[in-house]
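I opened this entry to keep track of what I looked up. The notes follow the order in which I went through it.

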Amino acid sequence: MSNLRTTHQLSSLQTESRNTFSSNIDVVSTLEMCRVMNSEDSKIAGAVKSCLEDIATVIDLIAEKVKNNGRVIYFGAGTSGRLGVLDASEIPPTFSAPFSQFVGIMAGGDVAIRKAVEGAEDSPDGAIRDLQNLDPPLSPSDAVIGIASSGRTPYVLGGLSYARDNGVLSVGICCVKPSEMREKCTDVIECVVGPEIVTGSTRLKAGTATKLILNMISTGVMIRIGKTYGNLMVDVKPSNLKLVDRARRIFRAVLPGTTLSDVQIDGLLASCNNNVKCAVVAHKYQCTAGEASDRLEAAGGVLKKAFRITSDSLPTVAGPEGKLVLCIDAGGTKCKAVIANKNGIICRGEAGPCNFVTLGHDVALRALNQAVTSALALLPSGSVITPVLPPSSPIFAGAWIAGAGLGRIADLETIRLQITTLLNLADPQRLIVTHDAALLSSAIVPQPGATTPLITNGIVLVTGTGTLAHSYAVSPPGLSSLPRPLSRSSGWGYLLGDEGSAFAIGRDVLRATLEHHDCGLPASPLHLAVMRYFGCGSVAELISAVYLKASPVLKEGQNPSSVESDSKLRVAGLCRIVFSYAFPSASDVSPDGEALEIVHRHAASAAETIIRLLARDSNMHASDSVLVFGGALGQVEHYRSLIVDALRGKGHHFARLECVAEPADAGIQVLIQDYLQ
């Protein structure tokens, strides 16, 4: 009886009705077929027009959520789900919105975007599970958009009910009226486009109407929160040549009287962290980037409102001289500077590579100078500090410079003197200069007010291109908060090993691919992925691709990240492929056994690196120590879990685990405790 009732319900839907105008579409000429389709499509805009009041209401409701950093989560099945995923993926690059702010969920998982997953849309619990698995969890600060042309898809109805019952703004979009969505969500948009040209094929008129509505909602939300100036995309990020040129044209369109050259506009954009709105305000009012940022913030990010704000209404929050601290992560690829006052981080700056060994002191110091001055340019308005080094008077109460090559005793005194002079530090003893791994040790230090077990030691594990571990002892009360270094393990370099590193994992999958070929066995999907990464048509070409000294030319199908002149980095880049096969993102795809075995083996090796440090010092025990993960592989949750499991399997249970993505952010907290509290 239930099947009969369901069949009757479906047949009564406008989206399932037969279209009398297209009943002979299979026998008319192709031109006439196109005329019929075009005639039916011309009715869609009118159907959307009848929903404009509902759409406008939804735009205003969602805009309030997005203004407060809430997320927009789209979900649906089939064509409806794919349209939601499409809209979610297009907003971040178009309007420089965070990718995490617009999320598309597809019934059946990401694999269903390209290949239908049977039965996925019929599970009302499916969307509930997908929404419950969001990270961070779904909350009333978010908004959800459930899309179903029929207005009755169980997957969508279940998700809308769950969101509404948990106090979340829930919007339903469908192409029937009245719809079952009305009882399941806070707001509904019912756009009736009538029968499809091909009966029930809702990817046609219903799909087009849905796309128009989603375009209107997402674009309208972006306009409401200040992402445009008129119809100009003033939040464009100049990340390629086309967008650099667009940024210049937008700058001149907003300020038609400017006489700045392209080079001058590019320089102004760089000083404003490539924020076009900030650059426009800075030039219009001849103020610093920090002051321009404050003006925009006071205007809620809306450029036209920023033009109407008077200087008297702007907040004055500055870092007074001598009340700032500076932490620099002088990396091999980027140099990052973080500046804080006693209340926390207030600005950041960035420059290119800053390796004191490979680049030399002069080049590295120039990068350091650029990173610090770009941060100083973003100090809040009212600051009396000019973004120039050395400053005319001391402005830093303490500084920490950490980077590759800064642990060599022979270089330290020369570098310390140069950096002390560059920063104009009043007290040279308040300059900390260490290698880059030492910066991660600051995560061992308990934060003020923290109720954590007594910590006496810590170990920092860095797993990136290479692997190394350092052990530290927590300093006694009354001394520097900076932990005291004890011992080092691994870090021998890729020529000697560094098991557990990205290079070692890439090396092993290469060896497995070559050995498989040598045994006359057919290549597995993992081996084929290795060949595609290098742009090779056969396994036999791999060796030449690996040992190539110059940067190779990108071949068809080759991964752009593999085009490195350094063979070490080319091999290390394979790690991403191994992880994708060991831990596939799609729930219905089984892990590759060979990839999983490689990852398990190297996680065990990384664990052994830590165990060696524990064994070396009889006073060090995991139970009263912190384990800090750093490096690119340290950010991969699956890999961290395997290392922790291997340690626990040997009886080593650490009191606390820390994962540090931005070492300078952790290091600045030590400086605040020691020099500003």
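I began with α24, which lies across β6, β7, β8, β9 and β10 and runs at about 150 degrees to β6. For such angles I take axes as lines fitted to C-alpha atoms, for helices over the stretch in contact, with values from 0 to 180 degrees between N-to-C directions. Helices (H or I, at least four residues) and strands (E, at least two) are DSSP runs, numbered from the N terminus.

I noted the basis of the work: this is a predicted model, in which local features need pLDDT of at least 70 and side-chain atom pairs count only at pLDDT 80 or more, while totals for chains, interfaces and linings use all residues. Residues are numbered from 1 along each chain as its sequence is written, and side-chain values use heavy atoms, with hydrogens and water left out.

Helix α24 covers residues 663–675, 13 residues in total, and reaches 19 Å from its first C-alpha to its last. That is close to the 18 Å expected at 1.5 Å a residue, where the expected span is 1.5 Å times one less than the number of residues. I listed the buried residues of α24 as Pro663, Ala664, Ala666, Gly667, Ile668, Val670, Leu671 and Ile672. Buried means under 20% relative accessible area, exposed over 50%, and partly exposed in between (1.4 Å probe, protein chains only). Their cover includes β6 (324–330), β7 (335–341), β8 (344–351), β9 (396–403), β10 (431–434) and α16 (436–440).

I then read the sheet itself. It is open, has five strands in the order β8-β7-β6-β9-β10, and shows mixed pairing; two strands pair if DSSP finds at least two bridges between them. β8 and β10 stand at the edges with a single partner strand each, so one side of each has no neighbour in the sheet. Neighbouring strands here are turned by 10 degrees against each other on average, direction ignored. β6 and β7 pair in the antiparallel sense over six bridges, and Ala330 has Cys335 in β7 as its bridge partner. Helix α14 (residues 361–376) lies across β6, β7, β8 and β9, at about 135 degrees to β8.

**The parallel sheet**

I found another open sheet of five strands, in the order β2-β1-β3-β4-β5, with parallel pairing. β2 (102–106) and β5 (187–190) are at its edges, each with a single partner strand, so one side of each is left without a neighbour in the sheet. Strand β1 (residues 72–76) is joined to β2 by five bridges, and the two run parallel. Ile73 stands opposite Val103 in β2. Helix α5 (residues 78–95) packs on the sheet and touches β1, β2 and β3 (143–147), its direction making about 160 degrees with that of β2. A contact means heavy atoms within 4.5 Å. α8 also packs on the sheet, touching β1, β2, β3, β4 (169–174) and β5, and makes about 170 degrees with the direction of β3.

**A helix pair**

At what angle do α17 and α21 pack? I read about 75 degrees between helix α17 (residues 502–518) and helix α21 (residues 575–582), with their axes 8 Å apart. That makes α17 roughly perpendicular to α21; angles under 35 degrees count as roughly parallel, over 145 as roughly antiparallel, 65 to 115 as roughly perpendicular and the rest as oblique. Ala502, Ile505 and Val509 of α17 meet Cys575, Val578 and Phe579 of α21.

**Single residues**

I checked Val234, in the loop between α8 (205–224) and α9 (241–254). Val234 counts as buried, at 0% relative accessibility. The residues it touches include Gly226, Tyr229, Ile250 and Leu303.

Two cis peptide bonds went into the notes. One runs from Asp135 to Pro136, with omega near 0 degrees, and the other from Leu389 to Pro390, with omega near -5 degrees.

Asn424 has a positive phi of about 55 degrees although it is not a glycine, and is partly exposed at 23% relative accessible area. Ser490, in strand β13 (residues 484–490), has phi near 65 degrees and is buried at 9%.

How values were computed
Lists of a residue's contacts leave out its neighbours within four places in sequence.
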